[in-house]
Amino acid sequence: DIKPKSLLYLDNVSVSFDGFRALNALSFVIAPGELRAIIGPNGAGKTTMMDIITGKTRPDEGEVFFEDNIDLTTRDEADIAQLGIGRKFQKPTVFESHTVWDNLELALNRKRGTFATLFYNLSPEDSARIDEILETVRLTARKEELAANLSHGQKQWLEIGMLLAHEPKLLLVDEPVAGMTDAETSETAALLKEIAKSRAVIVVEHDMGFIRDLGVRVTCLAEGSVLAEGSLDFVSNDPRVIENYLGR
Ligand code: ADP
C-alpha cells in the first residue's frame, strides 16, 4: 500500500456562508501521533476548519475522513467526540468551584455518561489515571486547589487534562497560549509535545515564538485554503505567507 497512513484527511473541502467562501477547496492530512500547528490571518478559515472536523459545520463540498474510512461528514458532533476527537476552545471552561482533582474526576465520569456525579466510587485505575494526567498538565502540586484559584495558564492546562480524560486520538487546541505568561507559554509547548507522543494534536496559534518551541510542521491557511506547509522556516520564508500574514 503506497498510500501514507493518515489519521485525518480533508480533501477539497469547501463551505460558504451567505455566499462568502470560508473554506475553498481545502486539503489537509495528518498522521497518527502528529503534532501540527495551524497559522494564518484572521478570517483565513482556521476556526471553520476545526468546525468541519468536529461536525459543527457541514462542508458544501469535499471529503472528511478519520481513521479507517470513517466519513465524518455523516456524523454529528456527539458522534465525532465519541470517535475520539476532542476540542479545546480558546477560553478555559473549568468548574471554578471544584478542585482540580474533582474537575478531572468529573471529566472521567462524563466519559462514562455519568456526568456531574462526583463521589462516584473511583477505581484504583481511575485514580492512577487522574494522577498521571495531573503530572502531564503540571498540576500535581495543586490538585486540592479550587480551580478558581489557578492562574489563567493553569486553567488552560486543567482543561487540556479534562480532555485527556476522554482519551482522544486527536486533540484540537485553539490558541492555548493567548494571555499566558512567557514561562507558561514555554511550559505549554513542552506539555503539548508530551501529549502528542500518544495522540495527534492540531494547535491553532498566532504566537510564533511558541510555534518555534513546538518545532513542528506548520500549515498556513489564507482565504480558506492552504497557502504553505512545511517547517516553520520554510513557511515563514514563503513570500505569500509574508505578504498575507507575517508582514501585516
Ligand atoms: P479564522 O479562524 O482563521 O479567523 P474563521 O474560520 O473564523 O477564520 O472565518 C472565516 C470566514 O468565515 C470569516 O470571514 C468569518 O466571518 C466567516 N464565518 C465563519 N463562520 C461563520 C458562520 N457560522 N456564519 C457566517 N460566517 C462565518
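**View A. Helices α3 and α5 are roughly parallel to each other, because angles under 35 degrees count as such****.** In this predicted model, α3 and helix α5 (residues 152–164) pack at an angle of about 30 degrees with their axes 8 Å apart, where axes are lines fitted to C-alpha atoms, for helices over the stretch in contact, and angles run from 0 to 180 degrees between N-to-C directions. Helices (H or I, at least four residues) and strands (E, at least two) are DSSP runs, numbered from the N terminus. The crossing of α3 and α5 is right-handed, a crossing being right-handed if the near helix is turned clockwise from the far one by less than a right angle, and left-handed if anticlockwise. V100, N103, L104 and A107 of α3 meet L158, G161 and M162 of α5, contact requiring that the C-beta atoms of two residues, placed from the backbone, lie within 7 Å. Five of these contact residues are nonpolar, two are polar and none is charged; Ala, Val, Leu, Ile, Met, Phe, Trp, Tyr, Cys and Pro count as nonpolar, Asp, Glu, Lys and Arg as charged, and the others, Gly among them, as polar.

Residues are numbered from 1 along each chain as its sequence is written. Because the model is predicted, local features need pLDDT of at least 70 and side-chain atom pairs count only at pLDDT 80 or more, whereas totals for chains, interfaces and linings use all residues.

**View B. Helix α3 (residues 100–111) packs against helix α4 (residues 124–136)****.** The angle between α3 and α4 is about 125 degrees, and their axes lie 10 Å apart. The two helices are therefore oblique to each other, the class left over when angles over 145 degrees count as roughly antiparallel and those from 65 to 115 as roughly perpendicular, with roughly parallel as defined for View A. As α3 passes α4, the crossing is right-handed. From α3 the contact draws on W101, L104, E105 and L108, and from α4 on D126, R129, I130 and I133. By class, the contact of α3 with α4 holds five nonpolar, no polar and three charged residues.

**View C. Four strands with antiparallel pairing form an open sheet in the order β2-β1-β4-β5****.** Two strands pair if DSSP finds at least two bridges between them. The edges are β2 (20–30) and β5 (70–71), each of which pairs on one side only. Strand β4 (residues 61–66) pairs with β5 in the antiparallel sense over two bridges, and F65 stands opposite D71 in β5. Helix α1 (residues 46–53) packs on this sheet, where it touches β1 (8–17), β2 and β4, and its direction makes about 65 degrees with that of β2.

**View E. Six strands form an open sheet with mixed pairing, in the order β6-β7-β8-β3-β9-β10****.** The edge strands, β6 (85–88) and β10, each pair on one side only, and the twist from one strand to the next averages 20 degrees. β3 and strand β8 (residues 200–204) pair in the parallel sense over four bridges, and I38 stands opposite V204 in β8. Helix α6 (residues 182–195) packs on the sheet and touches β3, β7 (170–174) and β8, its direction making about 150 degrees with that of β8. Helix α9 (residues 239–246) also packs on the sheet, touching β3, β9 and β10, and its direction makes about 120 degrees with that of β10.

**View F. Strands β9 (residues 217–222) and β10 (residues 225–230) pair in the antiparallel sense****.** Five bridges connect β9 and β10, and C220 stands opposite A228 in β10. Two residues lie between the strands of the hairpin of β9 and β10, in which E223 takes a positive phi near 50 degrees.
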